[in-house]
2 protein chains.
Amino acid sequence: MQQPPLDPEALASESTAVMNFLAEYYRDVDKYPVRAANLEPGRLRALLPEAAPELGEPMEAVLEDVRRDILPGLTHWQSPRFFAYFPTNASAAGLAGEMLSAGLNVVPFLWAASPAAAELEAVVVDWMAQLFGLPRRFTFSGGGGGGGVLQGSTCEAAVCTLAAARDRQLARLGHEAIARLVVYSSDQTHATFQKGARLVGIPPSNFRVIPTSAASGYGLAAAAVREAVERDAAAGLVPLYLCATVGTTGLCAVDPVRELGEVARAHGMWMHVDAAFAGSAAVCPEFQGYLDGAELADSVSMNPHKWFLTNMDCCCLWVAEPRALISALSTDPEYLKNVGIDDNTGKPAAIDYKDWQISMTRRFRAIKLWVVLRRYGAAGMRAHIRRHVAAAQWFEQAVEADERFQVVVPRRFSLVCFRLAPRRCVHVGDDADAANRANRDLLAAVNASGQAFMTHFVVDGKFLLRLAVGGASTELQHVKEVWELLQSMADQVLQRYHQT
Amino acid sequence: MQQPPLDPEALASESTAVMNFLAEYYRDVDKYPVRAANLEPGRLRALLPEAAPELGEPMEAVLEDVRRDILPGLTHWQSPRFFAYFPTNASAAGLAGEMLSAGLNVVPFLWAASPAAAELEAVVVDWMAQLFGLPRRFTFSGGGGGGGVLQGSTCEAAVCTLAAARDRQLARLGHEAIARLVVYSSDQTHATFQKGARLVGIPPSNFRVIPTSAASGYGLAAAAVREAVERDAAAGLVPLYLCATVGTTGLCAVDPVRELGEVARAHGMWMHVDAAFAGSAAVCPEFQGYLDGAELADSVSMNPHKWFLTNMDCCCLWVAEPRALISALSTDPEYLKNVGIDDNTGKPAAIDYKDWQISMTRRFRAIKLWVVLRRYGAAGMRAHIRRHVAAAQWFEQAVEADERFQVVVPRRFSLVCFRLAPRRCVHVGDDADAANRANRDLLAAVNASGQAFMTHFVVDGKFLLRLAVGGASTELQHVKEVWELLQSMADQVLQRYHQT
């Protein structure tokens, strides 16, 4: 190490080198195959030395290795032609915010360990709640006693709220009752809630996956939940927690928040609203209706790192009763007591965010989300969302207008679920399997082309393709291009099926 | 938004503005009061608007607000005169790595979602294990079936390993047995293990906190663990998990890893070795002895973000049997199936890291740690550690040479635990309380001066001050200065006690 590790000149020169590298990357990202070109396991390991270097190497050498060895093995999540999973947004402001977070490198786990960082977080989650039209009970400034926290992922939010709900019940029933607690979700709910329930010690057999159907747009029917809850209660079990999703991962289905909230209230269950992806759309008033009834929930979460121009990672979790969260998650060892602070304050304004999350330690995520909101403003975020919704709308209409294809589930936000229409496959097999095989082939062909990356889903036995529009650089033009690609590949796929 | 959010020019100009801001920050950081100057709750909220701006604002305005409103409310964790808690390192290379992680913004949750990112992680945790002299069974390349993962914190590592241990036992005993599982730690173990045990559903009453004493240097005595385990087993409980710490948070005490491992083995318990802070020292051969016996452990963790020049957040977790971790944490929903990959591979080389951690989603942390190792090399890291150990050694000797002070626990790494010696306080109260009050006053005076920030601990009823040397910019000179400060303040404090 020639220079001290935090020498301002070293900091500036290394950051400049990376910044130039990234600017070049974004100039070229559209030229890379979207899905990693290199899918042979062990390939990168074979290129790298077996041990860390003994002596430090120059930054240029490191970046050259990134360019040569690592980039070809990455799937380019920031490509404008990345339509897989859900998007994971990056932006110039998000990166700037991340640099501030990593650069200042403070640890706001206790309020006293960086008061402004804890307070900025409380302010920014309030701003977000307001932008999305969430009930005032979820904000610090609302006066109802609620508030929010920034976590890393929905999974963390699931674990924390499940633990809070669990401990609220066990305080009443005793710990032995843990084996009688039951968690409810739909067959479209993200798997993380099942993982979370298991993590907090709920027996896996007490996780209810309630089927949905096309009739409700794959939303969770309140009547079905009520029935399951009553059956469990009659059997001596304890209904604990219900997850309602606004924008499920497979299909972007929406559960009826108000109706589910009423069931949850009637049975003393904790209801969580998971709006991980689609929650971002609620920055536009025309999408806020999907959150109607959220005042009946105990907690709500959404991920700015998905579709809100905030680089990984960032998940807003709002709770109506922070006390329930804190009871389950607080610790107070001697080495964390706020020496010199406790005596003067003890006010609710001083939030020790370590008691609102799994980990003690935490990053200064608030500054990242705050920079994004400052730089783009509410109007900029609405334009960002509407641009993608309009592009998805265009794609949906194009699919509907082509008789080889069909839209499988009506589009609600910016995800289009579509497939080659079965009527075109009866020539080759006269069964649903043939249609599924054709769609599987189509997806494989698109992804192998490197010109776009999409993922699939299966509903009611139908294999479908998902076009998730939402990449920070994705414009209508890219959606039009992927449609052209799909059209030409559909011909090839269907032709192949004719020949066999 | 005037420019697209990932426009390369926007990216470059915003990053440059932040980089200049950070370079200026690091030029000045030594001038700020180390602990936040502003400790009045609600102060930042009062300065900020009640809602997010409607229109975007220029980066300069945002950075000006950071400078004016936020910096005075931060505790400067990167100040060379930050000696509190444990250090949280930043470095030019760590920031560069963080910029690459955030800039590329890929999500290596599945191997297929970015193969090179998953593989770089597997390689870099192997490099780290090798640098620290960990047994080969914890590495992928060792051939023993083990391997590592990068998580965000020790807390996450605790939750994951506790869940793995729990599910290994419950698979044998049935879920009802969760109420009989018991976790063991010492009274010096980090509170996160207690929090983690509670999170995974172990009854809080089944968490054993075994007392330590000065006789063992506050290390956990294997005999005491054996006794507790046998008592529990005789009572029909199931010993589950034992945490051994190398470098406890309060005193940097070291538990006898080999002896504890033998007890754990004998009773079929999972043993975790928590080397969060002090693990970094094992990059130097002279400190590797503290990890002797680690081959008896099921898992080991350490945090490069503490004392290894890697910006927040980064925790290495190694496990001997990944299968146990994966059994507890895996999910396999349809939307995550590796289309087009599964058929060709299925090899262990393809690691889906989402099954090695709490969350599904994850950041590309590996590139950050890899950049640090490349830039500084093993030799650079050893020099970094030895520089701090030498400074702490100097401080320890200075304390010992001053009759007003005493070293409370022998120094092992770079933490010195010391206090005003009670013999000086008998003048004012003739009891231990007076000595504690004097030391509390001394700490408050140091922190209020803004010239250094330290935290305290209490052991055997003694309030002591902790000088944790390890900040990336901390040099011997800063340690000498804080000693001068302590000496002059000691006079004032003792004088005050004489006067009252």
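**Before starting**

This is a predicted model, in which local features need pLDDT of at least 70 and side-chain atom pairs count only at pLDDT 80 or more, while totals for chains, interfaces and linings use all residues. Residues are numbered from 1 along each chain as its sequence is written, chains are lettered from A and ligands numbered from 1 in the order in which they are written, and side-chain values use heavy atoms, with hydrogens and water left out.

**Stop 1: an annotated lysine**

Select A:Lys306. An unreviewed UniProt entry lists A:Lys306 under "modified residue: N6-(pyridoxal phosphate)lysine"; UniProt positions are given in the numbering used here, feature names are shortened, and annotations may be inferred rather than shown by experiment. The residue A:Lys306 belongs to helix 10 (residues 304-307) of chain A. Helices (H or I, at least four residues) and strands (E, at least two) are DSSP runs, numbered from the N terminus.

Is A:Lys306 buried or exposed? A:Lys306 has a relative accessible area of 17% and is therefore buried. Here buried means under 20% relative accessible area, exposed over 50%, and partly exposed in between (1.4 Å probe, protein chains only). Next, display what surrounds the lysine: apart from neighbours within four places in sequence, A:Lys306 is in contact with A:Phe86, A:Pro87, A:Thr88, A:Asn89, A:Ala276 and A:Phe277. Contact means heavy atoms within 4.5 Å.

**Stop 2: where the two chains meet**

Colour chain A and chain B separately. The contact takes 165 residues from chain A and 165 residues from chain B. The size of an interface is often given as the accessible area lost when the parts come together. Between chain A and chain B the buried area is about 14200 Å², with carbon and sulfur atoms giving 66% of it; buried area is the accessible area (1.4 Å probe) that two parts lose on being put together, summed over both.

How many salt bridges are there between chain A and chain B? The count is 16 salt bridges, a salt bridge being a side-chain nitrogen of Lys or Arg within 4 Å of a carboxyl oxygen of Asp or Glu. For one of these, select B:Glu9 and A:Arg27, whose side chains meet in a salt bridge (3.4 Å, N to O). Helix 1 (residues 8-28) of chain A supplies the largest share of the side of chain A that touches chain B, namely 16 residues.

Now select A:Thr75, which lies in the loop between helix 3 (59-70) and helix 4 (92-104) of chain A. A:Thr75 counts as buried because its relative accessibility is 0%. Beyond its neighbours within four places in sequence, A:Thr75 is in contact with residues including A:Phe82 and A:Phe453, as well as B:Val106 and B:Pro115.

**Stop 3: a covered strand**

Select strand 7 (residues 315-319) of chain B, where five of the five residues are buried. B:Cys315, B:Leu317 and B:Val319 are on one side, B:Cys316 and B:Trp318 on the other, and both faces are covered. Strand 7 of chain B pairs with strand 1 (residues 147-151) of chain B in the antiparallel sense over five bridges; two strands pair if DSSP finds at least two bridges between them. In this part of the chain, B:Gln151 stands opposite B:Cys315. Strand 6 (residues 299-302) of chain B also runs antiparallel to strand 7 of chain B, joined by four bridges, and B:Met302 stands opposite B:Cys316.

**Stop 4: a hairpin and its loop**

Move to strand 8 (residues 405-409) of chain B, which is largely enclosed by the rest of the structure because four of its five residues are buried. Strand 8 and strand 9 of chain B form a hairpin with five residues between them. B:Glu396 lies in helix 12 (residues 365-401) of chain B, so the pair ties together parts that are 15 residues apart in sequence.

**Stop 5: a distant pair**

Finally, select A:Glu121 and A:Arg362, which form a salt bridge with the closest N and O atoms 2.8 Å apart. The pair links distant parts of the chain, 241 residues apart, and both A:Glu121 and A:Arg362 are buried.
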